[in-house]
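This report describes a single protein chain, from its overall layout down to selected side-chain contacts. The chain is shown here.

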Amino acid sequence: MAGGAVASIKALWETRITRISREEEDQRKRRRGGGASGRLSVGVWEDRAVLARLKQKLQTEDGRLILRIHQEDWKSLPCCLVRLSQVQEWQIHRTGLLNIPPFISSFQNLLVLDLSRNSITEIPKQIGQLTRLRELLLSYNRVQFVPEELSGCESLERLDLAMNRVLDSLPDQLTRLTRLQNLDLSMNGFCCVPACVVGMPALQWLDLGGNRLQNLPEDIHRWEELRAKPRPLAGVNNQID
């Protein structure tokens with residue numbers, strides 16, 4: 001009898017211990033889940049705060065919705081910006097912006113992308129998906145390379161790459177920009193006129209001042225619509241033999 005009573009008590013305690021252990025484990029899981037939920041809530045709150053700040057930068061001019069940021073610290077643009085994909089024009093100047101985000105492709109209504117006077121070093125391939133884009137303005141940046149995918153911007157009429165200093169070539173595929181009328185390549189490192197420029201059928205205005213051109217292309221006669229010739233800028237060598 002005594003042995004049976006001891007066994008029963010032992011079994012009872014083991015059952016209680018097991019139940020308590022399970023309850024403690026459940027509590028730990030809930031705490032971990034609560035922590036993750038808390039972090040998620042903080043992230044959501046931060047996104048909402050940033051989005052609210054961006055919405056304050058929206059303006060409407062001539063029926064066009066514009067995102068205008070000037071002389072503020074925005075070295076990168078937050079992903080929550082895609083919620084404003086209806087924006088038709090970006091004007092982001094002197095913010096220290098380091099890159100054009102890949103999610104730029106979400107802005108299918110974009111007509112003007114003006115990111116001049118920042119610190120952008122490259123143009124993402126995704127920009128080629130902006131088939132309605134008319135103006136791409138990237139002067140006074142640090143762009144070193146232009147992707148061939150830019151040729152996908154079939155509506156592009158103006159391309160400004162002035163004052164990027166180290167830029168010295170353009171991909172041949174840019175001849176597909178059949179609507180491009182205005183091209184500014186001044187103050188860069190070009191030693192010759194890019195072949196694609198000669199092949200642009202709608203080009204009317206071209207600035208190659210402030211480069212180090214050594215000669216003009218033999219088929220320059222193809223520039224039938226060109227209204228302005230490459231011009232030197234004061235104090236800068238732009239030699240043409």
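A salt bridge is taken here as a side-chain nitrogen of Lys or Arg within 4 Å of a carboxyl oxygen of Asp or Glu. By that rule the count in this model, which is predicted, comes to six salt bridges.

**Overall layout**

The chain has two helices and eight strands. Read along the sequence, these elements follow the pattern α-β-β-β-β-β-β-β-α-β. Of the 241 residues, 40% count as buried. The chain exposes about 13900 Å², and carbon and sulfur atoms supply 48% of that area. Among contacts with a separation of 6 or more, 34% are accounted for by residues 24 or more positions apart.

**Salt bridges**

| Pair | Closest N and O atoms |
|---|---|
| Arg64 and Glu89 | 3.0 Å |
| Lys75 and Asp73 | 3.1 Å |
| Glu135 and Arg158 | 3.7 Å |

What does the salt bridge between Arg64 and Glu89 tie together? In this pair, whose closest N and O atoms are 3.0 Å apart, Arg64 belongs to strand β2 (residues 64–70) and Glu89 to strand β3 (residues 89–93), so the bridge ties together parts that are 25 residues apart in sequence. Glu89 is buried, with a relative accessible area of 9%, whereas Arg64 is partly exposed at 24%.

The pair of Glu135 and Arg158, with its closest N and O atoms 3.7 Å apart, also links distant parts of the chain: Glu135 is in strand β5 (residues 135–137) and Arg158 in strand β6 (residues 158–160), 23 residues apart. Glu135 counts as partly exposed, with a relative accessibility of 26%. Arg158 is likewise partly exposed, with a relative accessible area of 32%.

In the bridge between Lys75 and Asp73, Asp73 is exposed, at a relative accessible area of 54%. Lys75 counts as partly exposed, at 46% relative accessibility. Elsewhere, Arg53, Lys57 and Glu72 are linked in a network of salt bridges.

Thr95 is placed in the loop between β3 and β4 (112–114). Is Thr95 buried or exposed? Its relative accessibility is 4%, and buried means under 20%, so Thr95 counts as buried. The side chains of Thr95 and Asn118 are joined by a polar contact of 2.8 Å.

Leaving aside residues up to four places away in sequence, Thr95 touches Ile69, Gln71, Glu72, Asp73, Trp74, Lys75, Arg117 and Asn118. Asp73 and Lys75 form a salt bridge with each other, and Glu72 is part of the network with Arg53 and Lys57.

**Aromatic rings**

The structure holds one aromatic pair. Trp90 and Phe107 form this pair, which is edge-to-face, with 5.0 Å from centre to centre and 80° between the planes. Trp90 lies in strand β3 and Phe107 in the loop between β3 and β4, so the pair ties together parts that are 17 residues apart in sequence. Trp90 counts as buried at 0% relative accessibility, and Phe107 is buried with a relative accessible area of 0%.

Another ring is involved in a contact with a charged side chain. Arg117 lies over the face of Tyr140, at 4.0 Å from the ring centre.

**Backbone angles**

Most residues other than glycine have a negative phi. Which phi does Gln71 have? Gln71 has a positive phi of about 55°, although it is not a glycine. Gln71 is located in the loop between β2 and β3 and counts as exposed, at 56% relative accessibility.

Arg117 also has a positive phi, of about 60°, and is not a glycine. This residue lies in the loop between β4 and β5 and is partly exposed, with a relative accessibility of 36%.

Technical notes: Residues numbered from 1 in each chain as written. Predicted model: local features only at pLDDT ≥ 70, side-chain atom pairs only at ≥ 80, totals over all residues. Heavy atoms only, no water. Helix = DSSP H or I, 4+ residues; strand = E, 2+ residues; numbered from the N terminus. Buried < 20%, exposed > 50% of the residue type's maximum accessible area, 1.4 Å probe, protein only. Contact = heavy atoms within 4.5 Å. Areas by Shrake-Rupley, 256 points an atom, 1.4 Å probe, with all protein chains shown as cover. Polar contact = N/O pair within 3.5 Å; in protein donor to acceptor, adjacent residues only side chain to side chain. Phe/Tyr/Trp six-rings, centres within 6.5 Å; stacked < 30°, edge-to-face > 60°. Lys NZ or Arg CZ within 6 Å of the ring centre and 35° of its normal.
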